[in-house]
Amino acid sequence: MNQVICPDADALAAQALMLIQKRVLAAIDQQGRATLVLAGGSTPRRLYQQMATQSWPWQQIHLFWGDERFVPHDHPESNYRMARETWLDHVAIPAANIHPMPTTPLTPPEAAAAYERELQAFFGLQPGAFPTFDVIVLGMGEDGHTASLFPHTAALQVCDRIVTVGQKGTEPRLTLTIPTFNCGRCVLFLVAGANKALAYAQVTAPLADGERWPAALIRPQSGDLWWLVESSVLA
Ligand code: 6PG
């Protein structure tokens with residue numbers, strides 16, 4: 001596990017940008033394209049705003065989401081909308097390279113199955129195989145959730161699907177599954193805010209309880225795991 005402590009949220013975003021740029025350009029060099037999974041929530045906003053200033057080879061970069069609230073793509077709560085407003089509407093990335101999770105009017109299970117089919121087609125996967133994303137960006141809640149994998153929920157047990165339905169209380173969400181995240185080549189957590197100190201300590205503890213602190217279940221099989229942490233989290 002790689003840990004980088006950053007003095008503030010802007011420094012954390014700048015560090016993430018450097019790490020992502022290195023991995024994305026290497027992937028394009030080696031395989032002609034790069035695949036990047038985006039997180040929602042508020043922490044990545046600064047990163048996405050910095051991404052909007054970059055002149056990367058967007059034609060060779062494909063974007064996916066790690067989770068999505070089950071709302072229309074123009075809803076204020078949409079992770080897709082947040083990425084569009086802060087970044088995607090400001091760079092020349094082809095529409096075909098942007099792969100949002102489908103939501104309404106599908107049902108959550110239908111949408112999860114549809115996104116799974118899309119990923120299987122994009123990566124040319126056999127049934128039962130998992131995609132290998134080049135970079136996966138994740139956040140973490142103060143309850144230790146990541147993506148839409150919340151404590152003590154059924155989604156934590158799903159090991160034979162790429163995408164599943166998560167539950168935030170009674171609210172359904174779409175989320176990539178633990179095995180999907182753990183097949184990533186590089187998984188990057190962005191954690192800011194003193195309110196996350198307990199979760200961070202629990203998640204990174206040697207014998208972490210993944211049911212209670214789901215981010216602890218993200219242990220890439222062969223990929224790299226990076227924790228970019230604002231210093232207030234360690235105070
Ligand atoms: C979401 C995110 C979620 C987020 C954490 C941290 O859909 O909200 O995917 O998992 O990463 O809740 O959110 P903040 O960055 O806002 O603290």
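The exercises below work through the fold, the sheet and some loop residues of a predicted model.

Residues are numbered from 1 along each chain as its sequence is written, and side-chain values use heavy atoms, with hydrogens and water left out. In this predicted model local features need pLDDT of at least 70 and side-chain atom pairs count only at pLDDT 80 or more, while totals for chains, interfaces and linings use all residues.

**Exercise 1. Determine whether the radius of gyration of the chain agrees with that of a compact globule.**

Step 1. The radius of gyration is taken over C-alpha atoms, and the globule rule is 2.2 Å times the number of residues to the power 0.38.
Step 2. For 235 residues a compact globule would have a value near 18 Å; the chain has 16 Å, which agrees.
Step 3. The C-alpha trace spans about 45 × 40 × 35 Å along its principal axes.
Step 4. Of the 235 residues, 54% are buried (buried is under 20% relative accessible area, exposed over 50%, partly exposed in between, with a 1.4 Å probe and protein chains only).
Step 5. Among contacts (heavy atoms within 4.5 Å) with a separation of 6 or more, 76% are between residues 24 or more positions apart.

**Exercise 2. Give the strand order of the open sheet and find its edges.**

Step 1. The chain has six helices and ten strands; these are DSSP runs numbered from the N terminus, with helices being H or I of at least four residues and strands being E of at least two.
Step 2. Seven strands form the open sheet, in the order 1-10-9-6-2-3-5, with parallel pairing. Two strands pair if DSSP finds at least two bridges between them.
Step 3. Strand 1 (2–6) and strand 5 (98–99) each have a single partner strand, so one side of each lacks a neighbour in the sheet; these are the edges.
Step 4. Leucine 63 stands opposite isoleucine 98 in strand 5.

**Exercise 3. Locate a cis peptide bond and the positive phi values of alanine 147 and histidine 152.**

Step 1. Most residues other than glycine have a negative phi, and most peptide bonds are trans.
Step 2. The bond joining threonine 104 and proline 105 is cis, with omega about 10 degrees. Proline 105 sits in the loop between strand 5 and helix 4 (108–123).
Step 3. Alanine 147 has a positive phi, near 50 degrees, and is placed in the loop between strand 6 and strand 7. With a relative accessible area of 10%, alanine 147 is buried.
Step 4. Histidine 152 has a positive phi, near 55 degrees, and is found in the loop between strand 6 and strand 7. With a relative accessible area of 53%, histidine 152 is exposed.
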